[in-house]
Amino acid sequence: MLSNRQPATSTHSRAAKIARVDSEDILAGQLQNGQTAPDAASHPAWRRVQLARHPKRPHSLDYIERLFTDFQELHGDRAFGDDPAIVAGSAHFEGRPVMVVAEQKGRDTKQRFYRNFGMPKPEGYRKALRVMQMAAKFGRPILTFLDTPGAYPGIDAEERGQAEAIARNLREMARLPVPVIVVCIGEGGSGGALALGVGNTVLMLENAVYSVISPESCAAIIYRDSAKAEQAAAALRLTAPDLLNLKLIDGIVPEPPGGAQEDADAAAEFLREHLLRCLAELAPLDAKQLVEHRYDKFRRMGNFFA
C-alpha cells in the first residue's frame with residue numbers, strides 16, 4: 001500500500017498540502033466574516049470536500065459523546081505506544097455493549113498536533129486491532145468511525161511498519177466473527193481509512209467523502225497542478241451518492257440543512273437511527289454468516305461481469 005518513497009518530501013506532496021491548508025484557511029476566514037458554509041444541495045464534489053473538512057464539523061468524539069454511554073477508552077498497542085489519532089474502547093449503545101474504534105482529528109491547533117491531524121501511525125492501527133479482537137472474544141459488535149486525510153506518511157511510521165499494520169487490519173477485519181458497522185463521518189482518506197473500513201455495513205454521512213487519494217494530491221499527480229483540486233474531486237467520484245451508485249457503500253446518513261456542523265445533536269440522532277437499523281439487520285446472522293457476508297460484500301466490489 002505504501003511505497004518506500006517519502007511523500008512528505010516530494011514536490012507534489014508539498015504542493016498538495018499547501019493547497020489543502022489554503023482551502024481550509026479560506027473557509028475558516030469566510031466563517032469568521034459571517035459568511036455561511038458552502039451548501040451541498042447542488043451536489044458539486046468540491047463543495048462536499050469543503051464540508052467534510054469544515055473546521056466546526058463534528059468529529060468522532062463528538063458522536064461518541066452523543067451516541068454512547070459508559071465509554072471507556074483503551075490505550076496502547078502493547079508493542080510500541082499509544083496513538084491519539086485513534087480513539088478506541090468499550091461502550092454501551094442503546095443499552096447494548098459494543099466496541100468503538102474511531103479516527104479523531106483535533107479541533108484547535110493544540111489538539112490537531114496532539115491528534116497528528118487525524119493521521120494514524122502503525123501503533124494506532126495495532127491498538128484498533130487489539131480492541132477489535134477483544135470485541136470478537138466477548139461477542140460485541142464493532143462500530144468504527146472514519147475521519148482522516150490518510151495514514152501518516154512520515155519516515156518514523158514507515159520504519160515501524162505502517163503498510164504491514166494497515167494490511168494486517170484489512171485481513172483480520174475480514175475474519176471477525178461479530179457485526180462490524182463502518183461510518184465515514186468526514187474524510188475517508190485512502191488506506192488510512194480503509195484500515196478500519198472492512199465492515200458488514202458501510203455508511204457515509206451525506207457530506208462525507210471517501211477516496212483513494214485527496215483531490216489536491218490527485219491534481220498534483222494527474223494534472224501537474226494541485227490548484228486543479230476541484231476538477232480532480234469531480235473526477236474521483238468521492239461523494240456519498242457516487243459511492244452508493246457504485247455499490248461501494250450501503251447507505252447514506254442525512255445531515256441537517258447546511259451540514260452536520262450546523263447541528264451536531266441532530267446529526268447524531270440521524271446516525272443513531274441508522275446504526276440501530278443496521279444492528280437489527282445483522283442480529284440474525286451467526287459468526288460464520290457474518291464472515292461470509294463481509295467477504296462476499298467486498299468480493300462483489302468492482303465486478304462488472306455479473
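Arg107 is partly exposed, at 30% relative accessibility (buried means under 20% relative accessible area, exposed over 50%, and partly exposed in between, with a 1.4 Å probe and protein chains only). This is a predicted model, in which local features need pLDDT of at least 70 and side-chain atom pairs count only at pLDDT 80 or more, while totals for chains, interfaces and linings use all residues. Residues are numbered from 1 along each chain as its sequence is written, and side-chain values use heavy atoms, with hydrogens and water left out.

The side chain of Arg107 meets that of Asp62 in a salt bridge, at 2.8 Å from N to O (a side-chain nitrogen of Lys or Arg within 4 Å of a carboxyl oxygen of Asp or Glu). Asp62 is in helix 3 and Arg107 in the loop between strand 3 (96-103) and helix 4, so that the pair links distant parts of the chain, 45 residues apart. Helices (H or I, at least four residues) and strands (E, at least two) are DSSP runs, numbered from the N terminus. Asp62 is also partly exposed, with 22% relative accessibility.

Another salt bridge joins Lys127 and Asp82, with the closest N and O atoms 2.8 Å apart. Lys127 belongs to helix 5 and Asp82 to the loop between strand 1 (69-74) and strand 2 (86-93), so this pair ties together parts that are 45 residues apart in sequence. Lys127 is buried at 0% relative accessibility, whereas Asp82 is partly exposed at 32%. The count of salt bridges comes to 19. A network of them links Arg53, Lys105, Asp147, Glu187 and Glu216.

Helix 3 (residues 60-67) has Ser60, Tyr63, Ile64 and Leu67 as its buried residues. They lie on the same side of the helix because they cover an arc of only 105 degrees around its axis, the arc being that of the directions from the helix axis to the C-beta atoms.

Tyr63 and Leu67 are also among the members of the largest nonpolar core, of 58 residues, that touch the most other members, together with Phe68, Phe145 and Leu275. Such a core is a set of buried Ala, Val, Leu, Ile, Met, Phe, Trp, Tyr and Cys residues joined through side-chain atoms within 4.5 Å. Helix 12 (residues 264-282) gives the most to this core, with 7 residues. A second, separate core has 8 residues, including Ala52 and Val209.

Asn116 is not a glycine, yet has a positive phi of about 55 degrees. Asn116 is buried, with a relative accessible area of 17%.
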